[in-house]
Amino acid sequence: MTSTDERPTTPNAQGDPVPTRDATGPRPDAPVVLRVEDLWVEYRTERGWMQAVRGVDLEIRAGEAVALIGESGSGKSTLGFALQRMLVRSARVARGKVTYRTRDGKTVDLLNVDDKQFRQLRWREFSMVFQAAQNSLNPVIKVSDTFQETARAHGEHNKGRIQEKALELLRKVQLDGDRVYNAYPHELSGGMRQRVSIALSLLLDPQLIILDEPTTALDIITQRAIIDVIRTLRDQLDFTMIFISHDLSLAAELADKVVTMYAGEVVEDGPVRDVFYQPKHPYTVGLLNAVPPITGEDFTPLTAIPGATPNLLNIPSGCPFHPRCPYRTDICSRQNPPLVEIAPAHYVACHHHDQVTKEPEIWEHIEVEEVAEAAV
Ligand SMILES: Nc1ncnc2c1ncn2[C@@H]1O[C@H](COP(=O)(O)OP(=O)(O)OP(=O)(O)O)[C@@H](O)[C@H]1O
Ligand code: SF4
Ligand SMILES: [Mg+2]
């Protein structure tokens with residue numbers, strides 16, 4: 001285990017190094033707020049049901065910040081939508097259980113409570129900031145009306161109190177509260193709208209927030225500002241957070257725990273330090289090798305993961321990563337390895353996790369295996 005002073009650092013807008021959150025890693029003694037068990041989510045397609053989330057198990061404790069990482073199409077947003085019961089009509093939860101612990105300690109079977117009960121939980125207990133959230137505010141509804149209507153829909157009718165809370169949150173996300181509160185979204189920049197969405201998600205003091213790609217589509221300075229806002233808000237309000245991102249430096253900076261998804265499955269889950277310094281799934285290593293070093297180490301050349309993510313209607317046999325994996329052996333195409341605990345709170349789904357290192361050489365000569373077309 002590495003020491004805290006080796007934690008990843010990233011520069012702030014002034015170019016000064018900023019130590020990452022003084023994270024303690026997963027909080028083993030805090031109560032579990034969200035437990036996902038064997039969750040399967042499918043989309044209806046012309047070629048049948050396509051499995052986008054496949055047997056996900058996840059446990060998130062109060063106060064933890066969890067980064068969900070993986071290439072495009074790995075099922076991150078689908079998982080986020082399923083947890084909020086916001087899947088599109090062509091999708092279904094085929095199997096699984098999601099248990100949520102409310103702030104006052106009640107346990108709720110999230111996928112099975114009726115709609116009325118669920119509406120009472122959304123926003124007050126948990127909320128979501130969507131991917132491309134800067135485009136999700138209705139352009140013809142004033143920011144003030146969005147805040148007021150959201151609060152009213154959830155039983156808060158005191159207009160003055162809502163306004164006061166909204167202004168306080170807009171200021172917390174570093175916006176000119178009065179101006180933005182009275183503006184239409186089209187009068188704001190993308191970064192400002194993104195901050196409004198973050199402020200809105202906090203309006204009813206939720207315990208858990210899901211942020212889906214909170215900084216994509218923004219310029220680098222604005223990204224930096226949003227990250228600083230999220231970090232400050234967490235320090236002030238101490239909510240539990242799942243953030244979905246391609247951006248590993250963001251994960252390094254904000255997360256206590258990192259969960260890697262591949263082809264709808266969780267393949268690695270562990271404390272941020274373990275996953276970044278001692279990744280044990282080849283796919284996590286591949287993701288880390290494909291971005292500039294975020295762990296303060298010497299420069300190493302970047303290597304992309306060869307091949308492409310699988311067609312989810314034709315998932316490779318055995319371990320779904322095997323056609324792209326430099327460590328694969330015969331067993332890999334026959335048996336999908338289970339997620340097992342290889343160190344305290346560090347879980348990996350790989351037959352050969354004990355051989356996996358961060359050395360880039362092994363990636364240089366892989367032949368990507370063709371995936372035979374499955375009969376549908
Ligand atoms: N509404 C939909 N209808 C059909 N298939 C969908 C739909 N939304 C997502 N998918 C498919 O489900 C799979 C997982 O998509 P998802 O959006 O969850 O991935 P992601 O990890 O969030 O990707 P990204 O990083 O690009 O946002 C993909 O193959 C995608 O094409
Ligand atoms: S199980 Fe095999 S193919 Fe899959 S990641 Fe591990 S070594 Fe690679
Ligand atoms: Mg997504």
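Predicted model: local features only at pLDDT ≥ 70, side-chain atom pairs only at ≥ 80, totals over all residues.

Biologist: OK. How many helices and strands are in the chain?
Modeller: The chain has 11 helices and 14 strands.

Biologist: And what share of the residues is buried?
Modeller: Of the 376 residues in the chain, 41% are buried.

Biologist: What about contacts between residues at least 6 apart in sequence? How many join residues at least 24 apart?
Modeller: That share is 68%.

Biologist: Now the largest nonpolar core. Which residues touch the most other members?
Modeller: Val66, Ala67, Ala251 and Leu254 do. The core holds 92 residues.

Biologist: Where does this core lie?
Modeller: It lies between domain 1 and domain 2, because both give residues to it. Domain 1 covers 26–125 + 206–221 + 245–376, and domain 2 covers 133–205.

Biologist: Why would nonpolar side chains be together at all?
Modeller: In soluble globular proteins, they tend to be buried together.

Biologist: Back to alanine 251. What is it in contact with, leaving aside neighbours within four places in sequence?
Modeller: Alanine 251 is in contact with Ala67, Ile69, Ser245 and Val258.

Biologist: New topic: helix H1. Why call it largely enclosed?
Modeller: H1 spans residues 76–83, and eight of its eight residues are buried, so the rest of the structure largely encloses it. Among the buried ones are Lys76, Gly80 and Phe81.

Biologist: What follows H1?
Modeller: Arginine 85 does, and its phi is positive, near 55°.

Biologist: And ligand 1? Which residues come nearest?
Modeller: Ala52, Ser72, Lys76, Ser77 and Thr78, out of 15 residues around ligand 1. H1 gives the largest share of that shell, three residues.

Biologist: How does the shell divide into nonpolar, polar and charged?
Modeller: Four residues are nonpolar, 10 are polar and one is charged.

Biologist: Last one: valine 356. Where is it found?
Modeller: Valine 356 is in the segment after strand S14, which is 346–348.

Biologist: Buried or exposed?
Modeller: Buried, because valine 356 has 21 C-beta neighbours inside 10 Å, and the cut-off is 20 or more.

Biologist: What does valine 356 contact, beyond its neighbours within four places in sequence?
Modeller: Lys280, His281, Pro282, Val285, Tyr327 and Cys350.

Biologist: And how far is valine 356 from proline 326? What's the sequence gap?
Modeller: They are 9.7 Å apart, C-alpha to C-alpha, and 30 residues apart in sequence.

Technical notes: Residues numbered from 1 in each chain as written. Chains lettered and ligands numbered in written order. Core = buried A, V, L, I, M, F, W, Y, C linked by C-beta atoms within 7 Å. Buried ≥ 20, exposed ≤ 12 C-beta atoms within 10 Å, placed from the backbone. Domains from an automatic or database assignment. Contact = placed C-beta atoms within 7 Å. Helix = DSSP H or I, 4+ residues; strand = E, 2+ residues; numbered from the N terminus. Near = placed C-beta within 6 Å. Nonpolar A, V, L, I, M, F, W, Y, C, P; charged D, E, K, R; others polar.
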